[in-house]
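Me: Please take a close look at one part of this model, the aromatic pairs and the helix packing beside them. I would like one connected account, with the cut-offs behind each term.

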Amino acid sequence: MAKPDAQRDAQPDARPLAYPYLLALHGGAGSIAPSFDAAPFHAALRAAAAVGEALLAGGASALDAVVAVVAALEDCILFNAGRGSVYGADAHQEMDASVMDGATRAAGCVAGVRSVANPVLLARAVMQSSGCVMLVGAGAEQFARDAGFPFTPPEYFASPARLEQLRRVQGAGASRQGHSGDYASAPLDEVNKLGTVGAVARDRAGNLASAVSTGGLTNKRPGRVGDTPIFGAGCYADNASVAVAATGTGEHFMRSVLAYDIAARMRYGGAALADAASAAIGERLAPIGGQGGVIAIGRDGALAMPFNTSGMYRASVREGQAIVSAIFQ
């Protein structure tokens, strides 16, 4: 019989000192377009996974790995984060990001930033040196300047394809709480693309971590913040259970407290990761109209990547195995 949490937590950790590392990442979820060239997206996912794998193989922490992976995805214009962020209703980008260390449950996040190339790096800086967990808007931008982050001009984030995407959504009469998407050749239909990037990992010490970043929704209301910087909704990590990074309709993930729901099913209900993740999406997210998916790694090295959309950009690598990427169900 499993020990009660209080008793278990009081005992020395009897796990071995070395674990096979494991890494997973995602680049958003949504509906499948009729035709596309998937090769660039597979290549980008695998390249980002290789960044994290190299760090983990060299003995780096799970936190180092997930931050580096998400930063690589932020630098890739194919994904809705960092450089590839979509435009809001005012034709500007507002970006959110979060990081959480499962070993200590230290966490940091930013929301509504406009002039930082890699919001995930800023989120980590908030976690490590700000004395708080969340900074938003002008306060986050001032912290970035004080911390020595270079100013990134709007031209870095400018994209004619993204701007045309905004104009099409606005011209079609979409709500201000619009949608995000990739270029017309992307595998996921741009109107129904739910754009976020994220990574979870377990390192050789057995520690878990999660990081998530997003440009939000095309044509979103200025100031709108989704689940990405909300711990327990879009991002969560705790060595006692699981590391989770989500992507989807952010408001539904917040209302479901979805990432923590997975952790709670595992820690308090004794559910296996695959069962917990699938049940959270099927029983908590879907009934209120939520769409999207999660990537999750359990403390025991289990991996789950369920989603209730037609596709989700994703990749994973386990120590001693090859990187695997996928888009469809």
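Reply: A search of the whole structure, which is a predicted model, finds 6 aromatic pairs, where rings of Phe, Tyr and Trp (its six-membered ring) pair if their centres lie within 6.5 Å, planes under 30 degrees apart counting as stacked, over 60 as edge-to-face and the rest as tilted. One of them joins Phe41 and Tyr313, whose ring centres are 5.3 Å apart and whose planes stand at 20°, so this pair is stacked. Phe41 belongs to helix H2 (residues 39–57) and Tyr313 to strand S11 (residues 311–318), so the pair ties together parts that are 272 residues apart in sequence; helices (H or I, at least four residues) and strands (E, at least two) are DSSP runs numbered from the N terminus. Both Phe41 and Tyr313 are buried, that is, under 20% relative accessible area, with exposed meaning over 50% and partly exposed in between (1.4 Å probe, protein chains only). Another aromatic pair, Tyr156 with Phe157, is edge-to-face, at 5.1 Å centre to centre and 85° between the planes. Within that pair, Tyr156 counts as partly exposed at 29% relative accessibility, whereas Phe157 is buried with a relative accessible area of 1%. Phe41 and Tyr313 also form one aromatic cluster with Phe79.

Helix H2, which holds Phe41, also packs on helix H3 (residues 62–74), at an angle of about 160° and with the axes 8 Å apart; axes here are lines fitted to C-alpha atoms, for helices over the stretch in contact, and angles run from 0 to 180 degrees between N-to-C directions. That angle makes H2 roughly antiparallel to H3, since angles over 145 degrees are given that name, those under 35 being roughly parallel, 65 to 115 roughly perpendicular and the rest oblique. On the H2 side Ala48, Val51, Gly52, Leu55 and Leu56 meet a set of H3 residues that includes Ala65, Ala68, Val69 and Leu73, contact meaning heavy atoms within 4.5 Å. By class, this contact of H2 with H3 has 10 nonpolar, 1 polar and 1 charged residues, with Ala, Val, Leu, Ile, Met, Phe, Trp, Tyr, Cys and Pro counted as nonpolar, Asp, Glu, Lys and Arg as charged, and the others, Gly among them, as polar.

Residues are numbered from 1 along each chain as its sequence is written, and side-chain values use heavy atoms, with hydrogens and water left out. Local features need pLDDT of at least 70 and side-chain atom pairs count only at pLDDT 80 or more, while totals for chains, interfaces and linings use all residues.
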